[in-house]
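The following exercises concern one protein chain.

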Amino acid sequence: MKSKKVMSMILVAAMAAGLVGCGSSGSGNSSDGASDTEKDAPEGSKTVSVLTCWDENSDNTQILVEATNRYNETDPETPINLQLEVVAQDSMNQKLSVLAASSDLPDVFCTGTQEYIETYVGQGWLKSIDEVMDDFDAKDALAEEKRLALLDLTKQDGLYVLPCDQSIEGIWYNTEIFDKYGLEVPETIDDFMDVCETLLENDVQPMVCPGKEKWPITRLIGSYATMAGGVEAIVDANNGDLSWGDDTFIQAYSWLAEMGGKGYFGQGVTTVDTNTANSLFLSGKAAMYYNGSWFTSNLNSEENQIGENVGLFAFPTVDGGKGEANTFTTSYGMYWCFNSGAYDEAEGAWMAYLLQNYGDVAMELQGRLTAYTLSSEPEVDYYTNIVLEAQEKQTGSGVWPEYAMVTSVQDAEYSNAQMLILNQITPEAYGEAMDAAMASAQ
């Protein structure tokens with residue numbers, strides 16, 4: 001039987017996506033290896049250690065840093081000095097596991113792993129966001145329907161995370177390239193494959209995928225599976241009610257292997273990281289890129305060489321599939337978590353400021369849609385308007401394949417996905433590996 005709570009999550013997430021704009025995503029620029037960045041500490045400040053998967057000039061770390069700078073400019077009793085450590089996103093779980101095992105979690109860290117949130121809340125390690133909102137009169141920072149959606153997603157009775165985004169995920173494409181070769185936005189997967197073949201025949205890389213980071217591969221699998229089996233397929237598989245070797249998923253694995261085998265992702269797909277993938281698309285060297293609405297931050301940056309020649313469409317439908325056209329994966333991205341052991345009044349005042357200003361800073365810096373209440377009606381830029389137009393067409397909401405996976409299952413999913421895209425493992429073997437990991441985790 002399906003969990004009523006999980007099904008409620010899908011419905012609430014769908015409504016939330018329609019209201020404004022996942023973690024988490026997830027996703028953004030991450031650096032290889034770890035590094036420490038510490039600014040000159042303001043006099044009388046409190047130093048807050050932050051473990052993040054984005055550097056200080058990109059994605060959600062840029063928003064956190066800028067919001068903190070603005071907070072310090074309000075002349076608080078205790079300014080906040082951020083001490084950043086950056087690790088690659090696909091190394092974050094391992095890093096957190098090591099730190100948690102030694103009771104040495106940083107003051108603030110980002111994660112999108114449900115298992116960790118449940119464990120840390122159970123251990124009393126995460127500060128209640130509800131308490132901060134109550135103590136500092138910041139309840140208006142998150143609309144109640146969005147707070148309830150986050151409770152469903154994190155499976156908690158109270159709020160213990162700050163969402164980074166409120167996003168949809170789809171396929172960004174280069175309109176100039178499409179126009180040059182007389183291509184239409186593909187509505188079906190067969191149309192999509194025809195587009196890829198036409199592009200390849202004209203020496204244009206059809207699609208870019210940062211396969212080194214693994215999760216972008218599984219997002220493609222999840223999108224196909226949603227179109228083949230409907231939004232319930234991934235939920236049922238995560239609940240153990242549907243085999244990962246079901247025909248719905250075999251179709252998805254087979255499609256991904258075909259994409260890789262035909263060279264539609266270009267050369268060395270499993271060596272391509274997010275920065276490289278962004279560069280390939282934004283320089284016009286690749287025609288399509290599966291990514292989230294958070295990608296507006298990159299489109300608004302100086303690295304964008306293709307200007308306004310971009311569009312966004314939902315993953316195409318599958319012949320005979322249960323998925324509706326214009327279904328987008330939706331999420332609140334990754335989450336900022338706050339260590340309760342490091343919490344004090346000074347940190348609480350800063351957190352309340354973040355709650356009330358994060359959305360404004362994100363919109364101003366990156367044109368990014370978040371779950372937070374904005375202080376005023378924003379001036380929406382060209383790229384954010386593309387996202388809003390896509391949301392207006394949205395008919396359904398999907399979930400990430402790993403939204404509820406324990407770490408061991410996610411590890412099997414990620415590592416085997418790289419082999420699948422390289423055709424080093426069969427679709428059937430991939431499904432068997434997933435089922436075996438699920439069985440071992442139970």
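Strands are DSSP runs of E with at least two residues, numbered from the N terminus. The structure is a predicted model.

**Exercise 1.** Determine in which strand Thr-330 is found, and decide whether Thr-330 is buried or exposed.

*Solution.* Thr-330 belongs to strand β10, which spans residues 327-331. The cut-off for a buried residue is a relative accessible area under 20%. Thr-330 has 7% and is therefore buried.

**Exercise 2.** Locate Thr-407, classify Thr-407 as buried or exposed, and list the residues that Thr-407 touches beyond four places away in sequence.

*Solution.* Thr-407 lies in helix α16, residues 407-421. Its relative accessible area is 13%, so Thr-407 is buried. Thr-407 touches Asn-93, Thr-113, Glu-115 and Tyr-116, when residues up to four places away are not counted.

**Exercise 3.** Describe how helix α9 (residues 215-229) and helix α11 (residues 247-261) are arranged, and characterise the residues of their contact.

*Solution.* Two packed helices are described by the angle and the distance between their axes. Here the axes of α9 and α11 come within 8 Å and cross at roughly 135°. Angles over 145 degrees count as roughly antiparallel, and 65 to 115 as roughly perpendicular. The two helices are therefore oblique to each other. The crossing of α9 past α11 is right-handed. Residues making the contact include Ile-217 and Leu-220 of α9, together with Phe-249 and Trp-255 of α11. By class, the contact of α9 with α11 has eleven nonpolar residues, three polar and no charged.

Methods:
Residues numbered from 1 in each chain as written. Predicted model: local features only at pLDDT ≥ 70, side-chain atom pairs only at ≥ 80, totals over all residues. Heavy atoms only, no water. Helix = DSSP H or I, 4+ residues; strand = E, 2+ residues; numbered from the N terminus. Buried < 20%, exposed > 50% of the residue type's maximum accessible area, 1.4 Å probe, protein only. Contact = heavy atoms within 4.5 Å. Axes fitted to C-alpha atoms, helices over the stretch in contact; angles between N-to-C directions. Parallel < 35°, antiparallel > 145°, perpendicular 65-115°, else oblique. Left-handed = near helix turned anticlockwise from the far one by under 90°. Nonpolar A, V, L, I, M, F, W, Y, C, P; charged D, E, K, R; others polar.
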